[in-house]
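Me: I am new to this structure. Could you take me through it?

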Amino acid sequence: MATTKVYIVYYSTYGHVEKLAEEIKKGAGSVEGVEAKLWQVPETLSEEVLGKMGAPPKSDVPIITPNELPEADGLLLGFPTRFGQMAAQFKAFMDATGGLWRTQALAGKPAGIFYSTGSQGGGQETTPLTSITQLVHHGMIFVPIGYTFGAGMFEMENVKGGSPYGAGTYAGDGSRQPTELELAQAFHQGKYFAGITKKLKGSSQ
């Protein structure tokens, strides 16, 4: 059986989204016959500006170009929020996919979303909700996690990011890191999404 390719494409300023991406990759890779790969989108801010923001150096995860997206059987897209919507860096990357849109090269491919916000009211639902428009114009199939994560979706004692749209975390002032439960939800999203992507690819062959 042919390998199912899942690309996890993300932008991360302070590393929170990257941590979710790493767990999502582990989850996707746990599905037999699935090859998961991490990609970053290009940074649009200068080193000087990033330095003033206190952002750490970027990891060695490769930078993706729009033309590499069609290679994947499924795409999981991750980004921090900016005023309840995806960060400008990821939006700039999506804006560069006009050629793929023109040929509908991504149409029919499953796609999921994960994210990070600064606070509980900072966009855990509006960020993925407003990002679905990007998928719609490309003809992609949005795959939310719904409540498949089970009891973890109903955590009330501790602060937990994420929603039926996808895995999420809270960055706070930057010092807060993804919790074990948030990372477990990210792993679940990767595994769940990879299973669906594999099934869709199998049915089309």
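This is a predicted model: local features need pLDDT of at least 70, side-chain atom pairs count only at pLDDT 80 or more; totals for chains, interfaces and linings use all residues.

Me: Which residues does the UniProt domain annotation cover?
Reply: The unreviewed UniProt entry carries the annotation "domain: Flavodoxin-like" over residues 6-193. UniProt positions are given in the numbering used here, feature names are shortened, and annotations may be inferred rather than shown by experiment. Over residues 6-193 the chain is 33% helix and 19% strand, with the end C-alpha atoms 9 Å apart. Helices (H or I, at least four residues) and strands (E, at least two) are DSSP runs, numbered from the N terminus.

Me: How many residues are in helix H6?
Reply: Helix H6 (residues 180-203) has 24 residues. From first C-alpha to last, H6 reaches 35 Å, close to the 34 Å expected at 1.5 Å a residue; the expected span is 1.5 Å times one less than the number of residues.

Me: And what do the buried residues of H6 pack against?
Reply: They pack against S1, H1, strand S2 (34-40), strand S3 (74-82), strand S5 (110-117) and strand S7 (168-170). Among the buried residues of H6 are Glu182, His188, Phe193 and Lys201. Buried means under 20% relative accessible area, exposed over 50%, and partly exposed in between (1.4 Å probe, protein chains only).

Me: Glu182 is in a salt bridge, I think. What is its partner?
Reply: The side chain of Glu182 meets that of Arg176, at 3.1 Å from N to O. A salt bridge is a side-chain nitrogen of Lys or Arg within 4 Å of a carboxyl oxygen of Asp or Glu. Glu182 counts as buried because its relative accessibility is 0%, whereas Arg176, at 22%, counts as partly exposed.

Me: How many salt bridges does the whole structure have?
Reply: A search of the whole structure finds six. One of the salt bridges joins Lys58 and Glu43, with the closest N and O atoms 3.0 Å apart. That pair links distant parts of the chain, 15 residues apart: Lys58 is in the loop between helix H2 (47-53) and S3, and Glu43 is in the loop between S2 and H2. Another joins Lys91 and Asp95, whose closest N and O atoms are 2.7 Å apart. Lys91 and Asp95 are separated by about one helical turn because they are four residues apart in helix H3.

Me: Changing topic: where is Phe83, and is it buried or exposed?
Reply: Phe83 is in the loop between S3 and strand S4 (85-86). Phe83 is exposed, since its relative accessible area is 87%. Phe83 also has a positive phi of about 55° although it is not a glycine. Most residues other than glycine have a negative phi.

Conventions. Residues are numbered from 1 along each chain as its sequence is written. Side-chain values use heavy atoms; hydrogens and water are left out. Contact means heavy atoms within 4.5 Å.
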